[in-house]
Amino acid sequence: MRIIRTKDYNSMSRYAAKFMAAQIILKPDSVLGLATGSTPIGAYKQLIEWCKDGDLDFSSVKTVNLDEYCGLSGDHDQSYRYFMNQNLFNHLNIDMNNTNVPNGIASDLQAECKRYDELIKSIGGVDLQLLGIGHNGHIGFNEPNTEFDKNTHVVDLKQSTIDANARFFKSKDDVPKQALTMGNKPIMSARKILLVVSGSEKRDILERALYGPVTPEVPASLLQMHNDLTVVCCVD
Ligand code: F6R
């Protein structure tokens, strides 16, 4: 495990963007596992800038996102597909057909989970998985006490996650109660993992994840078992 502590959010974002850019430069047809949430936005902005300057080429890159709310279509402004289009994909020279987000409005959600796992395998698996961490230690939407060997699955969101995400919706009642998420298994199968963490309120959960016991109570603690984990954080 490598831990990079940066002085502020901007330096964290720049480091994360450089890490991702290096991956793309070394392997132009990389499969990137991507996350939503507020933490990666700065890194995404930096990647967009380098792509616009012609320094980074996304034309052969493929992406798979971690998760999506159930019941929200891709054009709903709180769906994760919409978030990714707005904050990254629309500004890159990426082929939209190569960008993947679970379909939250699939008529058969179990079949959608299976399709997603098969898709990840069919494109060769994830080269670099970008992750954030929730206040309760979740990664993707793998909430505390999720089995470590889960594939992509439907989750009932914990109240703490609904509360944390309510800031993006008109009211707490509008926050979906379920989501589709890549499970711990496909996440841990990524060849490299980059965890980005920002804010002093995440310091305790990050410490438990990195130095505490590996336990389903803290889903991110599983990352200790990954053989190529980089953490870039500003939590002081
Ligand atoms: C998002 C995701 C979540 C977030 C986590 C942290 O796709 O999978 O696990 O990474 O909730 O969110 P922020 O960055 O908003 O603190």
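This is a predicted model: local features need pLDDT of at least 70, side-chain atom pairs count only at pLDDT 80 or more; totals for chains, interfaces and linings use all residues.
**Where to start: S221**

Where is the place of S221? S221 sits in the loop between α7 and β10. Residues are numbered from 1 along each chain as its sequence is written, and side-chain values use heavy atoms, with hydrogens and water left out.

Is S221 buried or exposed? S221 is buried, with a relative accessible area of 0%; buried means under 20%, exposed over 50% and partly exposed in between, for a 1.4 Å probe and protein chains only. Contact means heavy atoms within 4.5 Å. Neighbours within four places in sequence aside, S221 is in contact with F148, R208, A209, P213, V214 and T215. Two backbone atoms are also within reach of the S221 side chain: the backbone nitrogen of T215 lies 2.9 Å from one of its polar atoms, and the backbone oxygen of V218 is reached at 2.6 Å. Follow the chain from S221 to E207 and you cover 14 residues, yet their C-alpha atoms are separated by 9.3 Å.

Strands of a sheet pair through backbone hydrogen bonds, either parallel or antiparallel. In this report two strands pair if DSSP finds at least two bridges between them.

Now walk through some of the pairs. Strands β2 (residues 31-34) and β6 (residues 128-131) are parallel and share two bridges, with L128 in β6 as the bridge partner of L32. Between β6 and β9 there are four bridges, again parallel, and L130 is partnered by L194 in β9. Six bridges link β9 to β10 in parallel, where V197 has C233 of β10 as its partner. Six of the seven residues of β9 are buried, so this strand is largely enclosed by the rest of the structure.

**The three-stranded sheet**

A second open sheet has the order β4-β8-β7, with antiparallel pairing. Its edge strands are β4 and β7, each pairing on one side only. On average, neighbouring strands of this sheet are turned by 25° against each other, direction ignored.

Three bridges hold β4 and β8 (residues 178-181) in an antiparallel pair, and four join β7 (residues 153-156) to β8. Helix α4 (residues 109-122) lies across β7 and β8, at about 125° to β7.

**A pocket and a cavity**

Which residues lie nearest the centre of the largest pocket? They are T36, G37, S38, N165 and R167, out of 37 lining residues. The space in this pocket is about 680 Å³. Elements giving two or more residues to its lining are β4 (67-69), α3 (80-87) and α5 (159-165), and α3 gives the most, with five.

The count of cavities of 30 Å³ or more comes to one. Its lining includes M20, L32, F58 and I94. On a 1 Å grid over the protein atoms alone, a cavity is a set of points where a 1.4 Å probe fits but cannot get out, whereas a pocket is an open set with protein on both sides within 12 Å along at least five of seven lines; lining residues have an atom within 4 Å of a point. Grid points are joined across faces, edges and corners, and a volume is the space filled by probe spheres set on the points.

How values were computed:
A polar contact is a pair of N or O atoms within 3.5 Å; within protein, one must be able to donate a hydrogen and the other to accept it, and residues adjacent in sequence count only if both atoms are side-chain atoms. Axes are lines fitted to C-alpha atoms, for helices over the stretch in contact, and angles run from 0 to 180 degrees between N-to-C directions.
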